[in-house]
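Welcome to this short tour. Take a moment to look over the sequence and the 3D view, and then read on.

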Amino acid sequence: MLTVSVKWQKKVFEGIEIDPTLPAYVFKAQLYDLTGVPPERQKIMVKGGLLKDDADWSAIGVKDGQKLMMMGTADEIVKAPEKAIVFAEDLPEEEQATHLGYSAGLVNLGNTCYMNSTVQCLKSVPELKSALSNYALTGRSNDVDQTSHMLTVATRELFGDLDRSVNAVSPTQFWMTLRKKFPQFSQLQNGMHMQQDAEECWTQLLYTLSQSLKAPTSSEDSDAVKALFGVNLRSRVHCQESGEESSETESVYSLKCHISHEVNHLHEGLKHGLKGELEKTSPALGRTALYLKESLIDSLPRYLTVQFVRFFWKRETNQKAKILRKVDYPLELDIFDLCSEDLRKKLEAPRQKLRDEEGKKLGLQPKSSLKDSDVKMTDAEASSNESGESSTVTQQEGGSSEKGTLHMTGIYDLVSVLTHKGRSADSGHYVAWVKQESGKWIQYDDSHPSLQREEDITKLSGGGDWHMAYIIMYKARFVSM
Amino acid sequence: MAPVPDPNNVGGGAKRDEATTKVPSKDPKKKDDKKEEDLSEEDLELKQNLELYVERVQDPNPELQKAALESMRQEIRASTSSMTSVPKPLKFLRPHYGTLKEFHKNMVESDLKKLLADILSVLALTMSAEGERESLGYRLTGSGGDIGSWGHEYVRNLAGEIAEEYTMRQSEEASVDDLMDLVKQIVAFHMKHNAETEAVDLLMDVEDLDLLLQHVDRANFRRTCNYLTSSAKYLPGPDDMLVLDIAYMIYMKFEEHPNALQVALFLDNMQYVKQVFTSCTDLLKKKQFCYMISRHGITFELDPEMVADKDDRDILQDIVNNTKLSEGYLTLARDIEVMEAKTPEDIYKAHLLDGRASSGPSVDSARQNLAATFVNAFVNAGFGQDKLMTVPSDAASGSAGNWLFKNKEHGKTSAAASLGMILLWDVDAGLTQLDKYFHSTDNPVLAGALLGVGINNCGIKSDCDPALALLGEYIDNEDSSVRIGAIMGLGIAYAGSQNDQIRSSLSPILNDATAPLDVIAFAALSLGMIYVGSCNEEVAQSIIFALMDRSEAQLGDALTRFLPLGLGLLYLGKQESVEATAEVSKTFNEKIRKYCDMTLLSCAYAGTGNVLKVQDLLAQCGEHLEKGDIHQGPAVLGLAMVAMSEELGLDMAIRSLERVLQYGEQNIRRAVPLALGLLCISNPKVNVMDTLSRLSHDTDSEVAMAAIISLGLIGAGTNNARIAGMLRNLSSYYYKDASLLFCVRIAQGFVHMGKGLLTLSPFHSERLLLSPTALAGIVTLLHACLDMKSIILGKYHYVLYFLVLAMQPRMMLTVDENLKPISVPVRVGQAVDVVGQAGRPKTITGFQTHSTPVLLAAGERAELATDKYIPLSPILEGFIILKENPDYREE
């Protein structure tokens, strides 16, 4: 009879007797009683080896009083999950792209950064994307010319490619159709295509899309682009000399931010831009007279585009010069005081609601406020996407029929910035900075998208040789009532 | 010759005022002319007296001669106190040196002649031309009286001349007996007068250090040994070994056993280690020795001769076997309050990178999860708990919630093995936790469990040999990933043990023609680890044959580099012993020949600081090669390995590497960051940090990856905020590049290794001792990093776990006589180099007082701030046993 001690986990079982004549299995059964570990899962270590069930004690040479060590648990054995876990690396390339959180960049085809940045900025408007996807390939309506149709299709394809690809997309097709439609973009200099003004590209492209995306029924309201970007201005034209007064309305796709010496902030620039002087023949005076034109916003778009008027034609040097002046713009823009009286009245109730909600969040659940508003935003998008154009129209009119519809508040959030770097419009470099649905900012420098910090976005306000904002786009904040 | 000093300085003492009032405005030329008049009355008298003596010496009357010589000696002796200026008598006798010399030559042999020789010997101190060694010559013909009576400077000068004379006579093979007599006198004099360094220098010059033993005493042996051990680093072999031998003997003579043990370990002389044990009778001290041996990481078996009593021996063996390491480490962790497990997110601190932190991708990335596995393992190493692997999987989430399965294929190996790392050193708990994976049918999981057992047992030995028992049967498993897991686990668990049983089971794999290359590579590596620094012939033979058997294609494989590395590890730090094997390696296929050559050279001279080898390696780096040659990588690493041992060489190596970086080829540039990482491992020097930070943005992604990993290495276990910040920024800079991001994550894991309680530095005991297993672990990782893409970024990422060999708590834990932790106040500060300083200089500066256990950063030293206890080892690192001071009185 041998006596050994067995160490198991942190415990030591002293004085266990071994009958050398019996197989080791018996010993294991003894241990089973002590530890509850079934014999088949016991691993007993004896001098650098494991004790086999049928081992012969005399061959192993266990001495009296020796310490043995046992390993083993009665725990459940780990099983692989039934449903295999899918890893990002396993996914096909397209799906990997969606997990990156942003889409691919665009290859520069030779001074095409103006076009790339414009496309990236416009692509960030999901409503435009859905409108494009509804655009029938076949159904070219008669009032849309062939080139416009082609450009619209090319835009649609390009947006699709960007969403699917991980690597940079080459916008060759789009570029060709763009040049076909607008030959001015084909200008050559030293055998190279010239750098162009991104604003021109932006305006022309939007105009084309607005033409082609008009519903065949051709009613005013069904113009998707206009519904998204159009700003109705009501202007009062006033002649001081004669005291004549008239009012007119117009619809524009973007507000201009004029930059003069007094302008330090976007808001001032916008105000400045909405006031103007013009000379026209006064019927009362019978000659040309100076008229003052003051415009106010009559209806708000879902996406408010602001163009910084940084370039002007310098007569002395015969070239487009750039104003480098720093003009700050906020991440959150309130244009309430640029609105007309009627519109203000309509906005008041939703604004109050918004304030209440924010106050509540700050007061009661300060933590979840961000999350909540995010959810609301996505809800808003979802609902608008589903209901399509008609719902956007109702919202635009500030319709108050149903409960739970979304209302404009006059408050806008910055979603994309198109910047220019360089001294002249026809040179330098254009870059797009776009806010993703995840809230991240991405800089699209042609084929290189890169993450940016939000605070760096507001630093693009000019005043140096760094990228400076040229066209910025705000997205309306809605409140449901 | 000594310059003629300004008379102003000479005219010291009481007459100084007089002299200065006359002299100051005069220009030097006039001074010379009017020297006579400038002298004070006293000086003038002295001068005249001396002139008189000189005349009288030449007098035929021996009585007069004798009187004159005696007086002259009196004068000289009376004024040899200071040597900032030439003593006056010597100065006044200068013009007569020639006369006296001439006269001495013609004198008949007599006592008087000897007396004159004595005086001439002193005069020669300022007069004799360089290289003439006249002082020595006259001394030898002189009366040979008390050497110290002529003052320190005379002795010092004489010592210098003896050294010159000795080398000359050695080359002429002439007798040196007369010199040795003089040496004995001088050494005795120096040792008595706090000039141990000079005594040692002289004895080194005349190659007779044994003399030192007779002259050291209680008062000066510490300074002597201190000088001996630190000068050993700068001596060429085999002198360094001789010097340390003497240091060992001196320590033994004065029963300073801990120091003697330290030297014995440095010499890697087990006979000496044994001697320390046998000559010491205090059991408590022996326990302290065991702690020192366990920190060094060698396998050591106590025998009855060392410790007679069996129970005592068991206790001591337990200490050597490191069984209490986990306990001590956890004591430290609890004291510093870092027990709370950390998640990888706590380390990444992504919230500090505003704007980019927001919700990550919704789908798990296998690469990122793998990185998180490693970060989790390194950060929670040894704590026994974490938030990924050890959490009980609750019923709701089931096994899908199990982190293990968030890793893909071979990633599961690393994940399962990480459990071994989390439970590092705690064998009982580790085996219990790993048990469940042993029953897995998934081969990568099983492989990870095997590897985990190895990691878990790293540095811990046990009679039952659980690692061998568990892993042994999987060595020949049909699945090669399982085989690798078992082989690597054995390599880690038994590093340095020279276990024959493992050798006999691993060696056959090397020469098995059917075994896959990766299995062979890991087998070679594991054998190298197990037999590290042993120069074992048989293992070397097996690896050499394995290398010869490789086909051309296999030699090009990234993993093949582990074969020469395994071979090199056998000779780690063993210098010349490598030569035979190096010769054999010249017959290898040219694809691997140079690589093997460099690896062998760098391993053999690792930690020696051998300047010649550094030059050899630098020369290799200077060549511009055809593409495809990869041996410059190990050459650059070798540079760091050889030079890392002492500060001066280290700084020089850092500078050389900067040059190499500028002019070297791409494969050199890739290795430079790794070499820098090795040089400053766990020691974040700011200049190296800056260099690496710059390289981490290099256009060559491999350079950047190496730099990032090295940033992790230099900050390993320090929680260094600056490196952490750099890595955080790199993580956002490289957020798109999965490979680079993986490296950044790993580096972040390194920096926060053990939540800042661990170090990777293979040096310990005040940077004197180099743990061979620790160095082996680091070097293996670095060699793997030379081809990052195929190894660490491929499916062999688990080589990162080789670092476990170098992981040690950077603590000072005091225990009482029953080995229970006690808290005492200690001062911790920057270590000061006190070598060669007289008296009892302060050993630390800028200290703060803490109570133990404390953390020690690189270059820091601790000292007890209380007299209540006496530490049993003068080197306050790791476990320190405190004995109550019997003389202590409470104030």
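In this predicted model, B:Glu207 sits in the loop that joins α13 (196–205) to α14 (211–215) of chain B. Helices (H or I, at least four residues) and strands (E, at least two) are DSSP runs, numbered from the N terminus. B:Glu207 counts as exposed because its relative accessibility is 58%; exposed means over 50% relative accessible area, buried under 20%, and partly exposed in between, with a 1.4 Å probe and protein chains only. On the surface, B:Glu207 belongs to a patch of negative charge together with B:Asp201, B:Asp205 and B:Asp239. Such a patch joins like charges within 9 Å, using residues with over 30% relative accessible area and no salt bridge (a side-chain nitrogen of Lys or Arg within 4 Å of a carboxyl oxygen of Asp or Glu).

Now compare a residue of chain A. A:Ala88 is in the loop between β5 (67–71) and α3 (93–100) of chain A, and it counts as buried because its relative accessibility is 17%.

| Property of chain B | Value |
|---|---|
| Helices and strands | 44 helices and 11 strands |
| C-alpha span along principal axes | about 115 × 70 × 60 Å |
| Buried share | 58% of 891 residues |

Residues are numbered from 1 along each chain as its sequence is written, and chains are lettered from A in the order in which they are written. Local features need pLDDT of at least 70, and side-chain atom pairs count only at pLDDT 80 or more, while totals for chains, interfaces and linings use all residues; side-chain values use heavy atoms, without hydrogens and water.

Conventions
Patches are made of residues with over 30% relative accessible area and no salt bridge: like charges are joined within 9 Å, nonpolar side chains (Val, Leu, Ile, Met, Phe, Trp, Tyr) within 5 Å. Accessible areas come from the Shrake-Rupley method with a 1.4 Å probe; for residues, only the protein chains shown count as cover. Lys and Arg count as positive and Asp and Glu as negative; His and the chain ends are not counted. The place of a charge is taken as NZ of Lys, CZ of Arg, CG of Asp or CD of Glu.
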